Amino acid sequence: MDKIRNLPRLARIKNYPTNPIEMFKNVLERVKPPHIFPMNLATLDNEFGVLNRAVIYRGLLDDSWICFVTERNSRKYQNLKENPKLGLTMLFYPDAHRVEAKDVMPEVWQIRLMGAEAVELDEEQLKILWQQEPLLAKIRSHICECGKPSNIAELEKLLQEQLAIMEKEKRKPEQTKTYTGFKIIPKYWDFYMSEPNTIADRLQYKQGENGEWQAYHVDA
């Protein structure tokens, strides 16, 4: 019998920190994603049961909590106010050209936040995030109502009105009352890592009653 070549091996997450936030930062440093990237957010919905969508990562609030922004007229906002429990997943595939250039490691990472709840941000935190928004997002917050059936003629009229106000008053749109955001507070972080021709490894962090994190490996 011919010898089997290119045998698979076990992937292993090594030299990990005791805190999941530091582990998250380490992964971002390895995969080097764009500054802003999508995350998959799942909420509980009275009509659909579980409803998921992509939201944009907006950084670590107080160097501790992943946060995202939304609108108070959106379905996800309604979901989270009725039940703040959620699931969040991030998936990072290495870009083949960057791997070839040895700019990033040839790894696939999945990061999940489990047993998590959303807490709405305060007004001071929202002001900072609003200032970071691109112009199109600020105008959208003024003229769009999330999930409302679209009337393109009406939207075009509202857009031109906003642009006219900007031109007349020489300023960008002010923060709307509907603009808001959430920080995510998880009880578990789950890090999944796979390399070419490997059986993946998972590292979980569980927060104890005393607030300390316990890290351990689980099968993928």
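# A walk through the predicted chain

Of the 220 residues in the chain, 36% are buried, where buried means under 20% relative accessible area, exposed over 50%, and partly exposed in between (1.4 Å probe, protein chains only). This is a predicted model, in which local features need pLDDT of at least 70 and side-chain atom pairs count only at pLDDT 80 or more, while totals for chains, interfaces and linings use all residues. Residues are numbered from 1 along each chain as its sequence is written, and side-chain values use heavy atoms, with hydrogens and water left out.

The chain holds six helices and twelve strands; helices (H or I, at least four residues) and strands (E, at least two) are DSSP runs, numbered from the N terminus. Taken along the principal axes, a box of roughly 75 × 45 × 35 Å is filled by the C-alpha atoms. The accessible surface comes to about 13,800 Å², and 53% of this belongs to carbon and sulfur atoms. Accessible areas come from the Shrake-Rupley method with a 1.4 Å probe, and for residues only the protein chains shown count as cover. Among contacts between residues at least 6 apart in sequence, 64% join residues at least 24 apart, a contact being heavy atoms within 4.5 Å.

With 47% relative accessibility, R12 counts as partly exposed. Not counting residues up to four places away in sequence, R12 touches M193, D201 and H217. With D201 there is also a polar contact of 3.5 Å between the two side chains. A polar contact is a pair of N or O atoms within 3.5 Å; within protein, one must be able to donate a hydrogen and the other to accept it, and residues adjacent in sequence count only if both atoms are side-chain atoms. From R12 to A116 there are 104 residues in sequence and 26 Å in space, C-alpha to C-alpha.

The β1–α1 loop also contains N15. N15 counts as exposed because its relative accessibility is 78%. Its phi is positive, about 50 degrees, although N15 is not a glycine. Most residues other than glycine have a negative phi. D63, in the loop between β4 and β5, likewise has a positive phi, near 60 degrees, and is a residue other than glycine. D63 is partly exposed, with a relative accessible area of 43%.

Strand β10 (residues 198–199) contains T198. At 14% relative accessibility, T198 is buried. Leaving aside neighbours within four places in sequence, T198 is in contact with R9, L10 and A11. A polar atom of the T198 side chain lies 2.7 Å from the backbone oxygen of E195.

Another buried residue is R58, at 15% relative accessibility, in the loop between β3 (49–56) and β4 (60–61). Its side chain makes polar contacts with the side chains of Q132, at 3.4 Å, and E133, at 2.7 Å. Beyond four places in sequence, the residues that R58 touches are C67, F68, V69, L129, Q132, E133 and Y179.

Helix α5 (residues 135–143) has A137, K138, I139, S141 and I143 buried. The cover over these buried residues includes β5 (65–71), α4 (123–132), α6 and β8 (179–185).

Helix α6 covers residues 152–169, among them L158. The expected span of a helix is 1.5 Å times one less than its number of residues. For the 18 residues of α6 this gives 26 Å, and the end C-alpha atoms are 26 Å apart, which agrees. At the start of α6, a side-chain oxygen of N151 comes to within 3.1 Å of the backbone nitrogen of A153. Just after α6, K170 takes a positive phi of about 55 degrees. L158 itself counts as partly exposed, at 25% relative accessibility. L158 and R140 are 18 residues apart along the chain, and their C-alpha atoms are separated by 9.8 Å.
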